[in-house]
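Thanks for coming, everyone. Please take a look at the structure on the screen, and then I will walk you through it.

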Amino acid sequence: MLPEHARAHNRSLVLQHLFHEGPTSRADLARATSLTRVTISDLVSVLIAEGLVEELGVRPGQRVGKPAILVGMRTSAYQIVSVDLTDDEVLRGAVLTLTGDFVVRQSLAVDGRTGTELVDLLTRFCRGLIASATQPVIGVGIGSPGVVDAEGRVIEAPNRRWYDVPLAAQLTERLGLAVHVANDANIAALGEFTFGGAAGDGLLVLTVGEGVGAGIMVDGARVRGHADAAGELGHVTVVDDGEPCACGRRGCLETVLSVPALRRAVDGLDTEASDAVLASVGRTLGIALAPVVSALNLAEVLVSGPADLLDGPLREAAFETIRSRTMPVIGSGLQVRMATLDEDVVLAGAAVLVLSGQLGVS
């Protein structure tokens, strides 16, 4: 490992421990990270100089021996800007603290913009959010539909008319701040894992908006796939000869499960008929998810999107379908529930993207 990589790794270890465990003495940091006391002392001095860490005084109640001075992250001294592009009608944005508390919320109508016009609108939206922050902003996190590579380049987002768009690089240059971009469903999984209390040993977060995506975590790590396209369940064909999809094919899961498709399907129906339609879509979803749940031995499937459409007959039918199509050892402990963070899940995940990219904290 190169010296600069070792320093970044060690810095990440220290910040990660302080973020999750709270104020700690230098000696305890050395024990927890297996780094030497000299290394810890140097790292803490640098982090104090950067304003990320501060000394908090002596541990309360300590009477024996030399008092241990506690150090802690200055989580209230910096903020993060997050943007959620899941919805086709509005940009949703927020300013958050480093611990995921919301300080400011804003939204802006998309008005049908796609392509470069949407990038320009997103730039203006981010500038407004940065201006509304009450502390220095350490970075911007963006959750975008579609296939997004590790550099924040949108390889393909058909609903946005984005193809091979270097979104992170463009916005970093325009905003003068580090911008991190990832698939919205992938970072929804990060948000639930970091702030929502979800277990990361076998988790799938399904985001339902203008499209449908899935973020997957297995054994505590996000599943990317060889082309950064893991979780693209929205474009699995589920209806032979179905409706046309934005990807150019027909009958994709997105054509029946997206919010616009669900709204059209239940429009004007009474409660009984609406529930029957939603349950039918839930069964289709369950059929699509059963092999995924089995292949990865997932423990939790979390659904994120409008609760009036998703939480009820649709979610229940999906759950029963998955259980009926998988072995008892797979289905018996499975949970299919709404995301804890509700519709804030992508905004929270975008904040985790910045914490990880800028501070090495996840």
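**Charges, a core and a patch**

Let's start with Asp164, which is partly exposed because its relative accessibility is 47%. Buried means under 20% relative accessible area, exposed means over 50%, and partly exposed is in between, with a 1.4 Å probe and protein chains only. A word on the source: this is a predicted model, local features need pLDDT of at least 70, side-chain atom pairs count only at pLDDT 80 or more, and totals for chains, interfaces and linings use all residues. Residues are numbered from 1 along each chain as its sequence is written, and side-chain values use heavy atoms, with hydrogens and water left out.

Which residue does Asp164 meet in a salt bridge? Its partner is Arg153, at 3.1 Å, N to O. A salt bridge here is a side-chain nitrogen of Lys or Arg within 4 Å of a carboxyl oxygen of Asp or Glu. This pair links distant parts of the chain, eleven residues apart. Asp164 sits in strand E10, and Arg153 sits in the loop between strands E8 and E9. Helices (H or I, at least four residues) and strands (E, at least two) are DSSP runs, numbered from the N terminus. Arg153 has 30% relative accessibility, so it counts as partly exposed.

Next, a network. Salt bridges with shared partners join Asp84, Arg92, Arg105 and Asp344.

How many salt bridges does the structure hold? There are 14. One of them joins Arg11 and Glu50, at 2.6 Å, N to O. Arg11 is in helix H1 and Glu50 in helix H3, so this pair ties together parts 39 residues apart in sequence. Glu50 is partly exposed, at 37%.

Now the inside. The largest nonpolar core has 32 residues. Such a core is a set of buried Ala, Val, Leu, Ile, Met, Phe, Trp, Tyr and Cys residues joined through side-chain atoms within 4.5 Å. Among the members that touch the most others are Leu204, Leu257 and Leu310. Helix H9 gives the most to this core: six residues.

Is Met217 buried or exposed? Met217 is buried, at 2%, and its place is strand E13.

Last, the surface. Asp87, Glu89, Asp342 and Glu343 form a negative patch. Patch residues have over 30% relative accessible area and no salt bridge; like charges are joined within 9 Å, nonpolar side chains within 5 Å. Asp342 lies in the loop between strand E16 and helix H13. At 39%, Asp342 is partly exposed.

Key:
Accessible areas come from the Shrake-Rupley method with a 1.4 Å probe; for residues, only the protein chains shown count as cover. Lys and Arg count as positive and Asp and Glu as negative; His and the chain ends are not counted. The place of a charge is taken as NZ of Lys, CZ of Arg, CG of Asp or CD of Glu.
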